[in-house]
Amino acid sequence: MINVIVAGPRGKMGKAALEMIMKEGNLTLVGCIDRKNDRTMVKDIEGLPAFDALIYENIEECLTETNADVLIDLTTPEHGYNHTKASLNHGVRPVVGTTGFTEDQLQEITGICEDKGIGAVIAPNFATGAVLMMQFAKWAAKHFPDVEIIEKHHDQKLDAPSGTAVKTAQLIKEERTSKVQGHPDEKETLEGARGADVDGMKIHSMRLPGLVAHQEVVFGGEGQTLTIKHDSMNRASFMSGVNLSCEKVMEIDTLVYGLEHLLE
Ligand SMILES: NC(=O)C1=CN([C@@H]2O[C@H](COP(=O)(O)OP(=O)(O)OC[C@H]3O[C@@H](n4cnc5c(N)ncnc54)[C@H](O)[C@@H]3O)[C@@H](O)[C@H]2O)C=CC1
Ligand SMILES: O=C(O)C1=N[C@H](C(=O)O)C[C@H](O)C1
């Protein structure tokens, strides 16, 4: 059994993680970190599963008082980063789904893992299909260097572009030589019309109620286009990846960035 803390238990992903822990047999919930309900039992909070585990508002108290192996963070970019560092400082292995970390923050976390010899997983997308979509896109970029990424999410999302889109662009960048796309004299008559730019490729972010998490990677070539598309219809789609990461993080001693490194 792996003892886990969940940060962000009342959020959309946090709730789905609690339900997954309740359903699967390999994880034990030993505590939660939340912005309210200090020292209340999870089972006493309306809408949460019936766990006999305490909620803490103070992460230091949570990490000290629980015998946790893993901290699952599903919060916000700012708090997720602080939780990850606090967790590593207590020897508790972070599994982070929270997106929006900067390159500098990822470098810093890599360094802390190395110094402490302790593993961490940060995965911009825990859905197996999304990981495959990113890998297929990387492969396609070898043959189609012209590409645009369109990501679509629910309108409560804080970060744009999505962590998945950023990771996809990074993977494509590893495969193709830097390229400015579109007409060399292209001008935006409305700022932002062409989207965000990563090494010449464009990322477009859509936010609408009704959406969950969706991405299309569209490649263009001579007389043809190729679209690689993934849709998460609900948050359960991410949970097998969260569970796998909790298992695998116990076996590693560095930061793993991306679920693709853990899938066999
Ligand atoms: N890696 C993946 O596969 C996925 C990642 N995400 C990411 O997970 C994160 C959470 O997403 P959602 O659940 O949709 O957001 P949400 O807004 O529904 O939930 C976030 C929760 O974090 C809580 N929170 C904020 N500050 C906190 C703090 N200091 N301590 C404890 N809890 C705190 C909020 O109260 C809220 O309940 C986002 O960064 C999102 O991009 C979302 C879906 C999949
Ligand atoms: O906020 C979300 O919902 C999601 N966030 C992740 C991201 O930023 O890529 C993963 C997934 O797209 C859902």
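Domain bounds here come from an automatic or database domain assignment. On that basis the protein in this predicted model is divided into domain 1, residues 2–122 + 236–261, and domain 2, residues 128–233. The C-alpha centres of domain 1 and domain 2 lie 29 Å apart.

**Domain contact**

- Domain 1 gives eleven residues to the contact, and domain 2 gives ten residues.
- On the side of domain 1 that touches domain 2, three residues are nonpolar, seven are polar and one is charged.

**The seven-stranded sheet**

- Seven strands make an open sheet with parallel pairing, in the order S3-S2-S1-S4-S5-S6-S12.
- Strand S3 (54–56) and strand S12 (255–257) are the edge strands; each has a single partner strand, so one side of each has no neighbour in the sheet.
- Averaged over this sheet, neighbouring strands are turned by 25° against each other, direction ignored.
- Within the sheet, strand S5 (residues 93–96) pairs with strand S6 (residues 120–122) in the parallel sense over two bridges.
- Val96 has Ile122 in S6 as its bridge partner.

- Helix H7 (residues 239–249) lies across strand S1 (2–7), strand S2 (27–33), strand S4 (70–73), S5 and S6. The direction of H7 is at about 155° to S5.
- Helix H4 lies across S6 and S12, and runs at about 145° to S12.

**Packing of H3 and H4**

- Two packed helices are described by the angle between their axes and the distance between the axes.
- For helix H3 (residues 77–89) and helix H4 (residues 103–116), the angle is about 10° and the axes are 10 Å apart.
- Angles under 35 degrees count as roughly parallel, and H3 and H4 are therefore roughly parallel to each other.
- H3 contributes Tyr81, Thr84, Lys85 and Leu88 to the contact, where they meet Gln105, Ile109, Ile112, Cys113 and Lys116 of H4.
- Five of the residues in this contact of H3 with H4 are nonpolar, two are polar and two are charged.

**The five-stranded sheet**

- A second topic is the open sheet of five strands, ordered S8-S9-S7-S10-S11, in which the pairing is mixed.
- Strand S8 (196–198) and S11 stand at its edges with a single partner strand each, so one side of each is left without a neighbour in the sheet.
- Neighbouring strands in this sheet are turned by 20° against each other on average, direction ignored.
- S8 and strand S9 (residues 201–207) run antiparallel and are joined by three bridges. Asp197 has Lys202 in S9 as its bridge partner.
- Strand S7 pairs with strand S10 (residues 213–221) in the antiparallel sense over eight bridges. Glu148 stands opposite Val218 in S10.
- S10 is also joined to strand S11 (residues 224–232) by nine bridges, and the two run antiparallel. Phe219 stands opposite Leu226 in S11.
- S10 and S11 form a hairpin with two residues between the strands, and Gly223 in this hairpin has a positive phi near 70°.

**Helices across the five-stranded sheet**

- Helix H5 (residues 128–141) lies across S7, S10 and S11, running at about 165° to S11.
- Helix H6 lies across S7, S8, S9 and S10, and runs at about 165° to S7.

**Local backbone features**

- The peptide bond from Ala160 to Pro161 is cis, and its omega is near -5°. Pro161 sits in the loop between strand S7 (146–153) and helix H6 (163–175).
- Arg39, a residue other than glycine, has a positive phi near 65°. Arg39 belongs to the loop between S2 and S3.

**Ligand shells**

- Ligand 1 has 25 residues around it, of which Gly8, Gly11, Met13, Gly97 and Phe126 come nearest.
- Helix H1 (residues 12–23) supplies three residues, the largest share of the shell around ligand 1.
- By class, the shell around ligand 1 has eight nonpolar, twelve polar and five charged residues.
- Around ligand 2 are Thr99, Pro124, Asn125, His153, Lys157, Ser162, Gly163, Thr164 and Ala213.
- The shell around ligand 2 divides into two nonpolar, six polar and one charged residue.

How values were computed: Residues are numbered from 1 along each chain as its sequence is written. Chains are lettered from A and ligands numbered from 1 in the order in which they are written. This is a predicted model: local features need pLDDT of at least 70, side-chain atom pairs count only at pLDDT 80 or more; totals for chains, interfaces and linings use all residues. A residue is near a molecule or strand if its C-beta atom, placed from the backbone, lies within 6 Å of it. Helices (H or I, at least four residues) and strands (E, at least two) are DSSP runs, numbered from the N terminus. Ala, Val, Leu, Ile, Met, Phe, Trp, Tyr, Cys and Pro count as nonpolar, Asp, Glu, Lys and Arg as charged, and the others, Gly among them, as polar. Axes are lines fitted to C-alpha atoms, for helices over the stretch in contact, and angles run from 0 to 180 degrees between N-to-C directions. Angles under 35 degrees count as roughly parallel, over 145 as roughly antiparallel, 65 to 115 as roughly perpendicular and the rest as oblique. Two residues are in contact if their C-beta atoms, placed from the backbone, lie within 7 Å. Two strands pair if DSSP finds at least two bridges between them.
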